[in-house]
Amino acid sequence: MSSDRYPFRTIEAKWQGIWEERRQFRVTEDTSRPKFYCLEMFPYPSGRIHMGHVRVYAIGDLLARYKWMRGYNVLHPMGWDAFGLPAENAAIEHGVHPAIWTHENIDNMRAQLKKMGISYDWDREIATCDPSYYKWEQLIFIKMLERGLAYRRRSTVNWCPSCHTVLANEQVEDGRCWRCDSEVTPTEVDGWFFKITAYADELLAWCDRLPGWPERVMTMQRNWIGRSEGAEFDLPVVGRPGLGIRVFTTRPDTVFGMTYAVLAPEHSLVDRLVEHEGEREAVAAFRAEVARESEIERLAADRPKRGLRLGARAVNPFNGAEIPLFIADYVLMGYGTGAIMAVPGEDQRDWDFARAHDLQIVETVKRPDGWIGEAYTGDGVKINSGFLDGLTISEAKRRAIDWLVEHGLGDAKVNYRLRDWGISRQRYWGAPIPVLYCDACGMVPEAEENLPVVLPPDVQLSGTGGSPLADVAGFVNARCPKCGGRARRETDTMDTFVESSWYFLRYCSPQHEAGMVDGAAAEYWMPVDQYIGGIEHAVLHLLYARFYTKVLRDLGLVKVDEPFTALLSQGMVIKDGAKMSKSKGNVVDPDELIRTFGADTARLFSLFAAPPEKDLDWNDHGVEGASRFLNRVWRFVLAHLDELPAPAAAGGPSGATPRPAPAAAGGPSGGRLAPPTSTDQSRAFRRKIHETIVRVTDDMEHDFHFNTAISAVMELVNELHAFEATARDGVPTAERVALLREAVETTLLLLGPFCPHMGEELWAQLGHAESLFRRPWPVPDPEALRRQEVTVVVQVDGRVRGRLVVDVNAAEDRVRQLALGDDKVRPWVAARTVEKVVVVPNRLVNIVTRA
């Protein structure tokens, strides 16, 4: 085998074959060992992996292999989030059935992942489009329906009048259909919902009990749930007896500063408030404009708030004042009551709107002295507030609510920004909703023994006219499971987020046929110990998965409260200043990268170029540098094989040639004596070896500093070359060889999880029969770490002026004497009086002087 360059094409294919032959990463429950469930978010089978995939899967594989070496029983599965709109679009554009398109893509992506050498247990592979998978979520839908956690109601959706279909938010571009460019209009349709709001308090409470999650993700989830405590009450409409506008506020203390009120444009009362045809036309035009905006745009703090003044007026019940009414884009129907009281003195959005519409601003909280600003949201004493004057804000809130209750006008109220999860999709390629509509019995869930309700293969996909399932008579026409009469099947399919809300549970027992999950397997493996995926999933997928897990717990299927103990949200892969995308022409093809440099190089670069939570800025020179480093390690080991002692009882793996083993051998691989260190050079080199073990282990265990862990191994490789070049004259041969062996084996053990193919090959070349990943992670030797000398920093009046190398056990008086006599320190104390010398043993000498 050539010792000049690492022959990655041969070696990577070889070891991928060996791992598969040995079934090395297949696992079963083993109560004698601690478990570690490592999971990356499963991909949509688009057809090809991209560099974002390479990065996230390299992180997961690194952790899985590391935990194997730490003695854990590691579950590391892979599957496919296989339902979704792209498959349906491909069918429309290319005339290929979504199932065929999806499974061909799965085959291609599976082959790509295997070329990366990822340590997946492929026996646990799942695809969510398989009826044996979605059968179980159909059963859970029925159980949720029985408990009132699934229900049907009308809701507003994006409707394309040309395509005659509902569009997801991401299919609306600048208010127009992404396919035909027609203007999208809001339309009310019937749809299915999961009652996630029933778990709002628990979801929020557990945000404080997940220390392994990034705080920014927890903050995003808290904000999305959006729990608000306040009051609800009615604003009477002037001249309309019995008609009131229900408003919610978190600041009932500010009611005397209410100078106008705002309704969401979609609010059902707006049509009743309109007073003439001209106003009706203006309202319709304004609604159409707002419908083209996303919620994010409507709520953005940095954009102007747009509104339309109505002719009707309302009454502030606290002081009897008449106030104008508006509809405005910054008020949403889905939060609170869809109507707000506006208090511009203490709310910035209201202040901005009031200034734009020349409305009165009343201050109800005393400002601090010198306050110059706009709306004031700080603490203070109430002013201009009638019977609330002189109270603190918290006191005034309670008193205002008491007043509302006493007068029968309102109540204390807790509201949530979180809305129930709409799961209906008017699409073909999704899990059918297991409900039928019978003329005699009404809405009826499918009988459990009839599950799964399978998608019909014979469907015509045109992209127009609503759900394609509605045109398949053999699917739509069915028998009522309750009375046996004629019935019509539901033609909506489930949101694909439903499939991704429990796939991690199915991995625990993917072949289990008696239920959604085998209870014993789930109890052993769950929760997932480390979940890895992009920050873009911080809210929807992660929140839905948390909710669904709690539902399954309450149904008695699992015992865990939360699905994921720890979460790592990796950054994006950036090239030429932008996220990689085909449209920008800055995509790096992983297949081409692996063909040119090998999977180990691709993995090493993606792990070294940036901390995992940061964006990775792609750099071709960095890839070349990673390749040079691996070749440097390869050349060194092969060049020194003949003089490195082989382990006892040597026997290589498939294709490896055993090397004769001497009677005594030293190294970190287990069961060896520590190499002798009779010289300062030997002791310093061995200390470097074991300091590297400490550094890499710490970086792996804390905060996932993979890039600095790789840097530490690179430093050790530099020391290895330096020691080999200089130790032949000053270090006894047996000692030098034993230390080289220990350093090389330590390097391979530490580097193995990053670069598994090369690590396995060189480990075998050293004479080991057992896989590198069946060896224990190296443990630092306390004796090797013990220093005889240390470097002590010398400060004069707080500034570093010198450094001393002293014995570890040097007396303080001796260290003080050396510091004051140091050539670099003397000029800074010569003309001054030394008042005090503080010695921090083995770290610091601080000299304090005066003129």
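## Cysteines

The sulfur of C38 lies 14 Å from the closest cysteine sulfur, that of C508, which is too far for a bond. C38 is buried, with a relative accessible area of 0%; buried stands for under 20% relative accessible area, exposed for over 50%, and partly exposed for the range in between (1.4 Å probe, protein chains only). C755 is in no disulfide either, its nearest cysteine sulfur, in C38, being 17 Å away. At 1% relative accessibility, C755 also counts as buried.

A disulfide is a covalent bond between the sulfur atoms of two cysteines. With the cut-off set at a pair of cysteine sulfur atoms within 2.5 Å, a search of the whole structure finds zero disulfides.

## Basis of the values

This is a predicted model, in which local features need pLDDT of at least 70 and side-chain atom pairs count only at pLDDT 80 or more, while totals for chains, interfaces and linings use all residues. Residues are numbered from 1 along each chain as its sequence is written, and side-chain values use heavy atoms, with hydrogens and water left out.

## Salt bridges

The whole structure contains 65 salt bridges, each being a side-chain nitrogen of Lys or Arg within 4 Å of a carboxyl oxygen of Asp or Glu. One of them joins D589 to R48, with 3.8 Å between the closest N and O atoms. This pair links distant parts of the chain, 541 residues apart: D589 is in the loop between β25 (578-579) and α18 (590-597), and R48 is in the loop between β1 (35-40) and α2 (51-69). Helices (H or I, at least four residues) and strands (E, at least two) are DSSP runs, numbered from the N terminus. D589 is partly exposed at 29% relative accessibility, and R48 is partly exposed at 41%.

R425 and D495 form another salt bridge, at 3.4 Å from N to O. R425 lies in strand β16 (residues 424-425) and D495 in the loop between β21 (493-494) and α14 (496-499), so the pair ties together parts that are 70 residues apart in sequence. R425 is partly exposed, with a relative accessible area of 31%, whereas D495 is buried at 6%.

In the salt bridge between E835 and R850, the closest N and O atoms are 2.8 Å apart. The two residues are 15 residues apart, E835 in strand β29 (residues 833-840) and R850 in strand β30 (residues 844-850). R850 counts as partly exposed, at 42% relative accessibility. Elsewhere, salt bridges link E20, R23, R26, E29, D121, D123 and R124 in a network.

## Second largest pocket

The second largest pocket holds about 640 Å³ of space. Its lining has 27 residues, of which T250, Y335, I340, D347 and R349 are the closest to the centre. Pockets and cavities are found on a 1 Å grid over the protein atoms alone: a cavity is a set of points where a 1.4 Å probe fits but cannot get out, a pocket is an open set with protein on both sides within 12 Å along at least five of seven lines, and lining residues have an atom within 4 Å of a point. Grid points are joined across faces, edges and corners, and a volume is the space filled by probe spheres set on the points.

Strand β9 (244-249), strand β13 (339-342) and helix α11 (348-356) are the elements that give two or more residues to this lining. β13 gives the most, with three residues. By type, the lining of the second largest pocket has ten nonpolar, ten polar and seven charged residues; Ala, Val, Leu, Ile, Met, Phe, Trp, Tyr, Cys and Pro count as nonpolar, Asp, Glu, Lys and Arg as charged, and the others, Gly among them, as polar.

## Cavity

The structure holds one cavity of 30 Å³ or more. The largest cavity has about 50 Å³ of space and is lined by R632, V633, F636, V637, V717, L720, H721, V744 and T747.

Helices α20 (620-639), α22 and α23 (733-751) each supply at least two lining residues of the largest cavity, with the largest share, four residues, coming from α20. Six of the lining residues are nonpolar, two polar and one charged.

## Two single residues

T102 sits in helix α4 (residues 98-116) and is buried, with a relative accessible area of 0%. Apart from its neighbours within four places in sequence, T102 is in contact (heavy atoms within 4.5 Å) with P45, A82, A87, C129 and W429.

H705 is in the loop between α21 (680-701) and α22 (706-730), and is partly exposed at 30% relative accessibility. The C-alpha atoms of H705 and G52 are separated by 18 Å, the residues being 653 residues apart along the chain.
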